[in-house]
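User: I have a model open and want to learn how to read it. Can you take me through the features one at a time?

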Amino acid sequence: MPEVIASASAPLPAATRWQGLPPVASAGTVVLVLGSFPGAASLRAQQYYAHPQNHFWKILQALWPQHPLPPAGAGDHYARRCEWLLARGLGLWDVYESCEREGSLDAAIRNARVNDFALLHGHCPRLAALAHNGAESFRHAPAALASLGSAHPTRIEAVRLPSTSPANASWSFDRKLAAWSGLMAAHGLL
């Protein structure tokens with residue numbers, strides 16, 4: 001008789017519940033970059049876009065070559081990178097506050113809770129665009145806009161950008177850079 005490895009009714013092992021990172025934003029934030037949820041490397045480091053193969057920081061440095069990005073690795077490099085980013089009119093957050101997930105792929109996200117974007121009311125009066133870093137984040141654009149729109153002093157647009165994740169290998173670095181550059185130029189950040 002063949003060995004039964006698992007039956008169709010066997011419960012799946014529970015995924016780990018993860019808590020996301022706080023927003024990085026200020027009164028000068030014009031474009032808020034929204035990922036879906038931090039990957040495993042980012043959660044371990046407690047830093048947005050900590051995976052060394054992610055193109056996020058490399059794209060930003062290419063957008064502002066005249067302003068050197070603080071190098072990774074120094075003790076306070078992440079705080080300095082956040083200051084650098086805020087000085088360029090950018091902010092960072094994710095659409096999910098928490099979720100269950102094994103690994104780092106968006107496809108593995110389960111039981112996610114969406115962040116309360118209304119928390120940004122009054123904190124980002126210049127906010128003009130939500131830059132969704134990939135498709136999973138962009139799925140929540142209507143909810144994010146709805147929670148920001150009614151009380152925000154300006155009209156906010158949502159834009160889907162190509163994911164900077166190493167999993168998005170179908171887009172070359174130059175193609176990603178062009179898309180990100182277009183949004184930043186449209187909002188006077190270049």
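Analyst: We start with confidence, then go on to fold, core, a helix and a few single residues.

User: How much of the chain reaches a pLDDT of at least 70?

Analyst: This is a predicted model, so confidence comes before detail. Where pLDDT is low, the coordinates should not be read in detail. Here 89% of the residues score at least 70, and the chain average is 88. Residues 1-12 stay under 50. The model gives that stretch zero contacts beyond four places in sequence.

User: Which residues have the most contacts inside the largest nonpolar core?

Analyst: The general idea comes first. In soluble globular proteins, nonpolar side chains tend to be buried together. In this chain of 190 residues, 43% are buried. The largest nonpolar core has 48 residues. Val 31, Phe 56, Leu 60 and Leu 85 have the most contacts inside it. Take Leu 60: leaving aside neighbours within four places in sequence, it is in contact with Trp 84, Leu 85 and Leu 90.

User: Which residues of H6 are buried?

Analyst: Start with the helix rule. An α-helix has 3.6 residues a turn, so residues three or four places apart point the same way. In H6 the buried residues are Phe 173, Lys 176, Leu 177, Trp 180, Leu 183 and Met 184. Seen down the axis of H6, they fall within an arc of 130°, so they line one face of the helix. The face turned away from that buried side carries exposed residues: Asp 174, Ala 178 and Ala 186.

User: How far does H6 reach from its first C-alpha to its last?

Analyst: H6 covers residues 173-186, which is 14 residues. Its reach is 20 Å, close to the 20 Å expected at 1.5 Å a residue. Just after the helix, Gly 188 takes a positive phi of about 70°.

User: Which residues have a positive phi although they are not glycine?

Analyst: Most residues other than glycine have a negative phi. Gln 46 has a positive phi of about 55°. Tyr 49 also has a positive phi of about 55°. Gln 46 is found in the loop between helix H1 (40-45) and H2, and Tyr 49 lies in the loop between H1 and H2 too.

User: Why does Gln 46 count as partly exposed?

Analyst: The cut-offs settle it: buried is under 20% relative accessible area, and exposed is over 50%. Gln 46 has 48% relative accessibility, so it counts as partly exposed. Tyr 49 has 13%, so it counts as buried.

User: Where is His 77, and is it buried or exposed?

Analyst: His 77 is found in helix H3 (residues 77-87). Its relative accessibility is 12%, so it counts as buried. Not counting residues up to four places away in sequence, His 77 touches Gln 47, Pro 70, Pro 71 and Ala 72.

User: How many disulfides are there?

Analyst: The count is zero. Cys 82 counts as buried because its relative accessibility is 8%. Cys 124, at 2%, also counts as buried.

Note on methods. Residues are numbered from 1 along each chain as its sequence is written. This is a predicted model: local features need pLDDT of at least 70, side-chain atom pairs count only at pLDDT 80 or more; totals for chains, interfaces and linings use all residues. Side-chain values use heavy atoms; hydrogens and water are left out. A disulfide is a pair of cysteine sulfur atoms within 2.5 Å. Buried means under 20% relative accessible area, exposed over 50%, partly exposed in between (1.4 Å probe, protein chains only). pLDDT is the predictor's confidence in each residue, from 0 to 100. Contact means heavy atoms within 4.5 Å. Helices (H or I, at least four residues) and strands (E, at least two) are DSSP runs, numbered from the N terminus. The expected span of a helix is 1.5 Å times one less than its number of residues. The arc is that of the directions from the helix axis to the C-beta atoms. A nonpolar core is a set of buried Ala, Val, Leu, Ile, Met, Phe, Trp, Tyr and Cys residues joined through side-chain atoms within 4.5 Å.
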